[in-house]
Protein chains: 2
Amino acid sequence: MARGAKARRACCVICAQIAAGIAANEAVGLQFRLAAMKIRPATDADRDAIWNIFHEVVAAGDTYALDPNISREDALAYWFAPGTHTYVAEGDAVGDGVAVPGKPTACPTIIRARQILGTYILRPNQSGGGSHVANAGFMVSASARRQGLGRALAEYCLSEAHRLRFRAMQFNYVISTNTAAIRLWQDLGFEIVGTLANAFRHPGKGYVDVYVMYRSLVS
Amino acid sequence: MARGAKARRACCVICAQIAAGIAANEAVGLQFRLAAMKIRPATDADRDAIWNIFHEVVAAGDTYALDPNISREDALAYWFAPGTHTYVAEGDAVGDGVAVPGKPTACPTIIRARQILGTYILRPNQSGGGSHVANAGFMVSASARRQGLGRALAEYCLSEAHRLRFRAMQFNYVISTNTAAIRLWQDLGFEIVGTLANAFRHPGKGYVDVYVMYRSLVS
């Protein structure tokens, strides 16, 4: 397979992309498909998958104010902290790797499997007299982005927040450069209620503003 | 002494108040005096005193979004969390109890002692790209209020934040009914940069707004 890559016959659309990539001497990332996606409470069996997504998101350092070098132990302690409801989105994944020129690549339809594609947490934003306001955090695998998974997670999260009788939801720290997230939250009824000047040091853009976003869950 | 309370001679101003209280069949709280007040980093030896103040402040339930029934262990874990700088204000205390009719009461000048009158914490408000913004929390013993200790702690805290090279300070959760604190923070250069509608359930006033307050520490 390695030496015959250019001649390889594509058995499906994804294999054709791989073959084209190999012909062009480029690595081709395989994308996940959100077929039969299901959101459910996380279990201990999801910890490895959650850590993989968490690490990927936080290492980029541009959307969360968390140490990009956070340990697996600390990350999972944060994501599964007492009082935190942790959920995962599970979906069909087609392929989970990268086709690299010169290396054998199985047809991704062969390695089709259920995969954890995203995760979110829902918890009280404060204790005591502030425990009726929820806070949430969302992470989506890079392989599953731009397919509506973030919105699906957020809508599910809002529904769960209603079910758990929270009266409002607050995002404490929405980085102003994360325009896709801001648009999504605004579309879901959140408002920017506070601006923290230069509160985040972006790895590429220097000091940028951070927004506090909030929406009521009661009429 | 118990039976001769009414006839007791006052040896000092405070004893005179005690005697008056006993004569009126009332308990008289003794107030601390902020003589020779010193702010310094907390040590393990301060834990009992800090817990006493913490418990007193949080049990009231009207200034912090913390469980009023928080345990000593959880409270001290919060106040001494990793990455948190914890300080105490130590001052001369004259008396530390309440004179109760029918119980012997020593002259408070006899029990004059150094006491922990207040405490504060200073820490990064976020990790990673948000770690240049400080957060702080302040607690003052009820016995030592209205004597400028809160302001002294806050000014010391701002000085420490400068020394530790923080670029801004943020209070995430200033309850709108805590007008004395809001006036103090505004006087020290903080601005209300966000309002969280009905984010706190006040024990006496129901749902009230909460402010996010912020000030830069760089010119």
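**Conventions.** I number residues from 1 along each chain as its sequence is written, and letter chains from A and number ligands from 1 in the order in which they are written. Since the model is predicted, local features need pLDDT of at least 70 and side-chain atom pairs count only at pLDDT 80 or more, while totals for chains, interfaces and linings use all residues; side-chain values use heavy atoms, with hydrogens and water left out.

**Helix α2, chain A.** I looked up the helices and strands as DSSP runs numbered from the N terminus (helices H or I, at least four residues; strands E, at least two). Helix α2 of chain A covers residues 47–60, and its 14 residues should span 20 Å at 1.5 Å a residue, which agrees with end C-alpha atoms 20 Å apart; the expected span is 1.5 Å times one less than the number of residues. In α2(A) I found A:Ile50, A:Trp51, A:Ile53, A:Phe54, A:Val57 and A:Val58 buried. They cover an arc of only 170° around the axis, which puts them on the same side of α2(A), the arc being that of the directions from the helix axis to the C-beta atoms. For accessibility I took buried as under 20% relative accessible area, exposed as over 50% and partly exposed as in between (1.4 Å probe, protein chains only). Just after α2(A), A:Gly61 takes a positive phi of about 70°.

**Helix α2, chain B.** In α2(B), the buried residues include B:Ile50, B:Trp51 and B:Phe54. The face turned away from the buried side of α2(B) carries the exposed residues B:Asp48 and B:Asn52. Just after α2(B), B:Gly61 takes a positive phi of about 75°.

**Salt bridges.** The side chains of A:Arg72 and A:Asp48 meet in one, at 2.4 Å from N to O. A:Arg72 lies in helix α3 of chain A and A:Asp48 in helix α2 of chain A, so the pair ties together parts that are 24 residues apart in sequence. A:Arg47 and A:Asp44 form another at 3.1 Å, N to O; here A:Arg47 is partly exposed at 27%, and A:Asp44 counts as exposed at 59%. In chain B, the closest N and O atoms of B:Asp44 and B:Arg47 are 3.1 Å apart in a salt bridge. I also noted A:Arg40, A:Asp46 and A:Glu90, which are linked in a network of salt bridges.

**Hairpin β8–β9.** In chain A, strand β8 (residues 191–202) and strand β9 (residues 206–216) pair in the antiparallel sense over eight bridges, where pairing requires that DSSP find at least two bridges between the strands. A hairpin joins β8(A) to β9(A) through three residues, and A:Phe200 stands opposite A:Val208 in β9(A).

**A:Thr84.** This residue lies in the loop between α3 (72–79) and β3 (85–93) of chain A and is buried, with a relative accessible area of 16%. Leaving aside residues up to four places away in sequence, A:Thr84 touches A:Trp79, A:Ile121, A:Leu122 and A:Arg123, contact meaning heavy atoms within 4.5 Å.

**Interface.** I found 26 residues of chain A in contact with 26 residues of chain B. The two chains bury about 1900 Å² between them, 57% of it on carbon and sulfur atoms, where buried area is the accessible area (1.4 Å probe) that two parts lose on being put together, summed over both. Across this interface the rule finds zero salt bridges.

How values were computed: Salt bridge = Lys/Arg side-chain N within 4 Å of Asp/Glu carboxyl O.
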